[in-house]
Amino acid sequence: MLRSSQPLTGPNRKRCREDEVLLGTVLDEGERGFIIDTRSAQAAKQARMTGGGTEPKSSYPQWRRLHRPLERGRPLQESFIKLVEACNDTSINMDRWLSRLESCRWLSHVKAALSTACLAAQCMDREEASVLVHGAEGTDTTLLVTALAQVILDPSCRTLAGFQGLLEREWIEAGHPFHLRCARSAYSHARLKQEAPLLLLFLDCVWQLSRQFPFSLEFSEHLLLTLFDNAYASAYGTFLCNNEKERRVGREVGTALCLCKVRESTHSLWAWLNQPGEKKKYLNPLYSHNALVIWPSVEPQSIQLWQGLFFRWIRSSQYLEEAWEETQRLVEGD
């Protein structure tokens with residue numbers, strides 16, 4: 001599996017011989033690969049006007065391009081805001097609530113993300129083909145799809161340590177701009193142009209997997225909630241800045257260079273989570289190693305609202321926590 005940003009073909013359809021050779025070496029003679037573009041065909045075509053574009057079929061004859069559009073940016077942020085507002089409105093009846101839930105389209109985004117990840121996983125597992133995933137910059141929906149596909153395919157990514165490694169590799173080191181995407185949250189009145197809950201969408205999709213395969217993930221919902229909290233407000237430096245360069249050197253603020261030096265100046269979230277006393281809180285007591293691929297259902301009745309997150313401030317989780325502790329006690333007793 002490969003990931004990248006869009007090719008910069010531009011309106012004149014420029015070629016990059018080095019890129020063509022690079023992708024050509026991935027495939028043996030007679031093999032084919034799939035390029036999954038997370039933009040619509042129309043959006044990819046329009047990107048040529050600003051220097052972007054897609055891979056010309058004539059220059060990449062062994063690769064078949066598939067468009068699976070996923071929302072990012074403002075539409076995704078607005079969907080998140082509408083969902084949070086609906087969840088916090090306790091005055092509406094059930095019919096009105098269901099109508100608002102449908103109109104915010106958050107569950108549609110979850111379904112689309114899981115469907116596209118399943119497509120990438122199927123190309124690799126069933127077609128035994130190489131897959132290249134890209135959108136525009138390659139730092140948002142691209143990471144969403146590649147990370148989810150690995151959780152579906154690779155049992156090591158479903159362990160606590162493996163999942164942390166996946167986040168570090170596919171989101172942090174790959175340059176997801178946390179500072180821009182998680183600047184304000186859904187409760188802010190500011191509507192920042194680059195705000196978008198891509199990591200939250202990923203965590204929601206993983207929660208859907210954990211619900212459909214309750215024995216296959218070593219970590220619990222508590223870990224996913226903790227990751228969400230720390231992406232927006234954290235005492236740790238793991239999700240600070242927009243890329244590795246900013247974390248190591250600094251970033252420009254106006255005309256000045258702000259030295260971040262995240263690794264030297266902050267503590268790692270992973271180091272805290274992996275302390276023996278803390279680690280136990282994030283483990284799934286029902287976990288049993290599953291070496292198989294886990295294929296989630298994306299039917300409407302299978303995609304559910306993540307109540308543990310979206311209702312956490314208006315509905316007590318005391319009984320769920322007590323039930324979870326009892327489950328853990330029974331498992332340890334066995």
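Predicted model: local features only at pLDDT ≥ 70, side-chain atom pairs only at ≥ 80, totals over all residues.
1. The largest nonpolar core contains 79 residues. Within this core, the residues with the most contacts are W106, F163, W171, F202 and F310. Helix α5, spanning residues 106–125, supplies the largest share of the core, with 11 residues.

2. W106 deserves a separate look. Not counting residues up to four places away in sequence, W106 touches L76, S79, F80 and L83, as well as P197, L200, L201, D204 and F310. F310 is also listed among the core residues with the most contacts.

3. Another core lies apart from the largest one. This other core has six residues, including L27, I35, Y60 and W63.

4. R39 sits in the loop that runs between β2 (33–37) and α2 (41–46). Is R39 buried or exposed? Its relative accessibility is 9%, so R39 counts as buried, the cut-off for buried being under 20%.

5. The surroundings of R39 can be listed. A polar atom of the R39 side chain lies 2.9 Å from the backbone oxygen of G53. With neighbours within four places in sequence left aside, R39 is in contact with Q6, A44, A47, G53, T54, H67, R68, P69, H134, G135 and A136.

6. On the surface, a nonpolar patch is formed by Y187, W313 and I314, which together have about 360 Å² of accessible area. I314 belongs to the loop between α15 (307–310) and α16 (318–333).

Note on methods:
Residues numbered from 1 in each chain as written. Heavy atoms only, no water. Core = buried A, V, L, I, M, F, W, Y, C linked by side-chain atoms within 4.5 Å. Buried < 20%, exposed > 50% of the residue type's maximum accessible area, 1.4 Å probe, protein only. Helix = DSSP H or I, 4+ residues; strand = E, 2+ residues; numbered from the N terminus. Contact = heavy atoms within 4.5 Å. Polar contact = N/O pair within 3.5 Å; in protein donor to acceptor, adjacent residues only side chain to side chain. Patch = residues over 30% accessible without salt bridge, like charges linked within 9 Å, V, L, I, M, F, W, Y side chains within 5 Å. Areas by Shrake-Rupley, 256 points an atom, 1.4 Å probe, with all protein chains shown as cover. Salt bridge = Lys/Arg side-chain N within 4 Å of Asp/Glu carboxyl O.
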